[in-house]
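Please work through the exercises below with the sequence and the model side by side, and try each task before reading its solution.

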Amino acid sequence: MKKAEVQFNLIFVIVAGVMILAFFLFFTTKYIDLKEKQEAAKISGQIDNLLLGLKFNTQYKELDVPNFNLNVNCGNITINNRFTKDLDYVFFATNGTSKKLTFWVKEVEKGFRIDNVVFIIDNTKKYYSDREFFPDFVNVNEDYDVGVFFNSCPNNNKKVICVDGNNINYNGESFYSFDDALIYGAAFGNFDNFKCSYEKLVDKLIILYDIYLKKNEGFNDGQEIRSQISTLLSENKNKIVNGNYDVDNSQLDLLNTKLSNYELEVLY
Amino acid sequence: MNKKAQIGIQETILVIFVFFIVLMIGMIFFFQLNMKSIQNDIDQYNEFRFKQLIDIVPNMAELRYSKLGVEDVYCIDLLKARAFSEISSEYDFGKKEIKLISGDEIVLYSKIGRGEIRKVTSPVCVYDPRNGKFYLGELDIGWWA
């Protein structure tokens, strides 16, 4: 064989070999990526199915899945860094790797229902409170990862939520608690997620004040009580809009009950 | 090396090369099929999420009828629905149109998209607090995929 022919064969074999190897590497990587995406989408589907059955009731369900990674953002979660899923509801969750998640739906209300929020609880973590606070399905242990304290406020390197009256102290910031669900939110959600979901709930509350104001205007009866209701609704709404979340809806509740006592249609 | 051997080596290289080309085509085909199946799964998942809205919308606190804080009747409050339709631009359900038809038509939410629209309709209980009567309404949800 001539020298040139040998060189050509050699170059041909090397080039073809590299191309084939590159193809297989590319194919394998793509295929693994695809399978991981498919797996993440499957988990996401399982979460959807689970929440569909939960959302009308305040109850919990467990999801047992292969170890997977959860990244929590404001309105969505990312599973295994592959599949981002928008959640249509307010939720509280934290980043991490888990194979056992508990989904718990709880109502948030301020006289009237604001929303049903979802807690995504990583039960591989240990939770603790200095009073009876966590429900049975939460992994409670004195050697805690997350602590909720009502009587004292320990200073350690663990995640500690301190509740002082109606104030939730989380990560050096104070949040007004208008429902216990927000304390659970602080315990189960990471700081950014908690802050974001808290703001969403406040926005919803403002919207609900608007809705009830408009609804109240739609009635022609009981004008005296209804005008008092409208005044209170506006006052409370303005307080919240101005950042004062310490609003009292008990007067509204009384007027609402008064409507019922006079056999008039209630507002909520 | 004699000529016969040279031809033999070249033939082997060619056969292996052709074999790998066929294998690569096969793998691409297999990959495409997988992609199609995953795309179907994604479509089904989106369809499922879309149909979920039929359950989610009437259950929203912004729309659901309640009496003294108790939501024991699964109905949409007509006055709440009218109020919601005026402020629903603050919500983001994506490119969808949600209508409540009960006597007249109330557009609860509308963000028009392009292309073909998919629709799902469901009967829904509607309560008019002005006269205290319950009606049978229709909830229409349109979705631009």
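The model is predicted, so local features need pLDDT of at least 70 and side-chain atom pairs count only at pLDDT 80 or more, while totals for chains, interfaces and linings use all residues. Residues are numbered from 1 along each chain as its sequence is written, chains are lettered from A and ligands numbered from 1 in the order in which they are written, and side-chain values use heavy atoms, with hydrogens and water left out.

**Exercise 1.** Determine in which sense β1(A) and β2(A) pair, and over how many bridges.

Solution. Strand β1 (residues 60–72) of chain A and strand β2 (residues 76–79) of chain A pair in the antiparallel sense over three bridges, where strands are DSSP runs of E with at least two residues and pairing requires at least two bridges. Within this pairing, A:V72 stands opposite A:I77, and three residues lie between the two strands of the hairpin.

**Exercise 2.** Classify the ring pair of B:Y65 and B:Y127.

Solution. Rings of Phe, Tyr and Trp (its six-membered ring) pair if their centres lie within 6.5 Å, and planes under 30 degrees apart count as stacked, over 60 as edge-to-face and the rest as tilted. The centres of B:Y65 and B:Y127 are 4.2 Å apart and the planes stand at 35°, so this pair is tilted. Both residues are buried, that is, under 20% relative accessible area with a 1.4 Å probe, protein chains only.

**Exercise 3.** Find which ring lies under the charged end of A:R131.

Solution. A charge sits over a ring if NZ of Lys or CZ of Arg is within 6 Å of the ring centre and within 35 degrees of the ring normal. The charged end of A:R131 sits over the ring of A:F150, 3.8 Å from its centre.

Definitions and conventions: Helices (H or I, at least four residues) and strands (E, at least two) are DSSP runs, numbered from the N terminus. Buried means under 20% relative accessible area, exposed over 50%, partly exposed in between (1.4 Å probe, protein chains only).
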